[in-house]
Amino acid sequence: KPRGPPPLEYRSLRFEESYIEDPDDGFFQEAFVVNHPSPNVPFTRIVEYKHLPNQPTPVKKGLVAGTRIAKEYSSADGPPYYPVP
């Protein structure tokens, strides 16, 4: 008979990256990570790498055209990523 608490249920993640050629004001969104906690949106959050610290001044000011984003999708399939509360 197994001892201890039952194993945790886990969710997996899938990332879909894309390049935006010419976003308004040089950025796709206002922050590095923007969460989308809605049942009407298929992804959980969007990450825009251009907001990472230590970027050159022209990048920080939105003067460099183009940006890369990643949409994060929650999934029941795939390797365990985080426990379900």
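Guide: Welcome! Two strands count as paired if DSSP finds at least two bridges between them; strands (E, at least two residues) and helices (H or I, at least four) are DSSP runs, numbered from the N terminus. This model is predicted, so local features need pLDDT of at least 70 and side-chain atom pairs pLDDT 80 or more, while totals for chains, interfaces and linings use all residues. Residues are numbered from 1 along each chain as its sequence is written, and side-chain values use heavy atoms, without hydrogens and water.

Visitor: How do you know that strand S1 and S5 pair?

Guide: S1 (residues 10–20) and S5 share 2 bridges in the antiparallel sense, and the rule asks for at least two, so they pair. Arg11 stands opposite Tyr82 in S5.

Visitor: What makes S2 and S5 edge strands?

Guide: The open sheet of 5 strands runs S2-S3-S4-S1-S5, with antiparallel pairing. S2 (33–35) and S5 (82–83) each have a single partner strand, so one side of each lacks a neighbour in the sheet.

Visitor: Why is Asp25 called exposed?

Guide: Buried means under 20% relative accessible area, exposed over 50%, and partly exposed in between (1.4 Å probe, protein chains only). Asp25 has 70% relative accessibility, so Asp25 counts as exposed. Its place is in the loop between S1 and S2.
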